Amino acid sequence: MDDHIAPRRVVILGGGFAGLFAVRALRRSPVAVTLVDRNAHHLFQPLLYQCASGILSGGQIAQPLRAVLRRHGNVRCLLATATDVDAEARVVHAERADGGSIALPYDDLIVGVGVKQSYFGHNEFAQHAPGMKTLDDALAVRRKIYRAFEMAEATADPREQAEWLTFALVGAGPTGVELAGQIREIASHTLDREFSTIDPSRARVLLFDGSDAVLAAFGPVLAKRAEGTLRDLGVEVHLGSIATHVDERGLTVRNHDGDTQRFDARTVLWTAGVEAPPLAAALARATGADQDRAGRIKVEPDLTIAGHPEIRVVGDLMSLQKLPGMAEVAMQSGAYAGRRIRHAVEGRRRAARPFRYLDLGSAAYISRGRAVVKMGRFHASGVVGWLIWLFIHIVFLTGFRSRIGALLSWAVVFASGSRRERAFTSPDSPDSPVAAPGGSSPSGAAAGPTVPRHDPPRPS
């Protein structure tokens, strides 16, 4: 790692929580940092569901990386997608937004590209059941939710109306629970008295999960409270149910006894499971690293890959001591990796302490005034849980304007149920966030205390 080149070249892959905190740890170090991300913004993923449900705008949960890091004089931001790593030559190969290739030499490499949605071997489900990992995904989900009510209004067929007014979510982790609660609030409050033919409050929200509890990671007490809150809202919870087929008209699920049941629903959303992106396999081939069942890279206690002390894997992509995919894990691991490089540059010879995760807790928002929070032995739900959830998100939101804007939006929703961010484009419109060339658009998704991430990383 010590060569004649100065300053030391540090390449960081991923501008999420892990990458951002690694950059911040290197702010005053004599190193040249290149931050590579396929997007030009830092996304606050824990609040994607609020963008999808019309509470917050995209600008309130996504901040330009260049603006966030404008005072970091040693950082270069690069819009590109890392595709491969040459561990022997110490070069990252990436693809630019225009399809061109670029090679990035490094002395230290931090890999924090996160994970993607997993369909457990049924990738064909993605066409009809989009996940929610990116800003484009959230906007596509928003379109599916609000468009469903419009389509129900536009048909006189009672059966078709019922199909459009049925929403099915697969996965009862934080994302599924939060989104299910939001759809019920939209149906019961936001759209009240806005339609002539249909009654939005009659909409059915179905939540499926293969386990025996919602929010299982929160423990049995909070899981039971969360399930009770969902049922009070009108959400139909189906536990022990695994999706075996999904199409444009609904899904089929199988219970623990092997019995199957068909549910007609024009809107199916996938909120279960994550897996490593293709870069993880490329990195494993280049370094000989082991991968877990989800494809994540197994790392040493200091977050390096065995035999490659110059490469550190952080955030959701690392597999270490069964740590969950949470925003707080990403933040702490990213900061740790950045500090290790800083200490090496400064010539500190003391043996590095292994990474230790400080569990600050988990939180999940269910509906207005109701959330669940777990902090060690401290459990909270209802209004108290919601107030704690609110404080956590205000603290972690990136950017002062985002905090003020989010507070105002939450105040409006809490007081009136109104949602200002309900605009959506037609699936065939060139303005659609997932529109394909020629005007056609795929219906699937694009390519803290904290809340389990997701489910993707998330302070919450």
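**View 1. Ser118 in the loop between β9 and α5.** Ser118 sits in the loop that links β9 (116–117) to α5 (135–153). Helices (H or I, at least four residues) and strands (E, at least two) are DSSP runs, numbered from the N terminus. The model is predicted: local features need pLDDT of at least 70, side-chain atom pairs count only at pLDDT 80 or more, and totals for chains, interfaces and linings use all residues. Residues are numbered from 1 along each chain as its sequence is written, and side-chain values use heavy atoms, with hydrogens and water left out.

View 2. Is Ser118 buried or exposed? Ser118 is buried, because its relative accessible area is 5% (buried: under 20%; exposed: over 50%; partly exposed: in between; 1.4 Å probe, protein chains only). Setting aside residues up to four places away in sequence, Ser118 touches Trp270, Ala272, Gly273, Val274 and Glu275 (contact: heavy atoms within 4.5 Å). The side chains of Ser118 and Glu275 make a polar contact at 3.4 Å. Such a contact is a pair of N or O atoms within 3.5 Å; within protein, one must be able to donate a hydrogen and the other to accept it, and residues adjacent in sequence count only if both atoms are side-chain atoms.

**View 3. Ser241 in strand β13.** Strand β13 covers residues 241–247 and contains Ser241. Ser241 counts as buried because its relative accessibility is 11%. Beyond neighbours within four places in sequence, Ser241 contacts Phe208, Asp209, Gly210, Val253 and Arg254.
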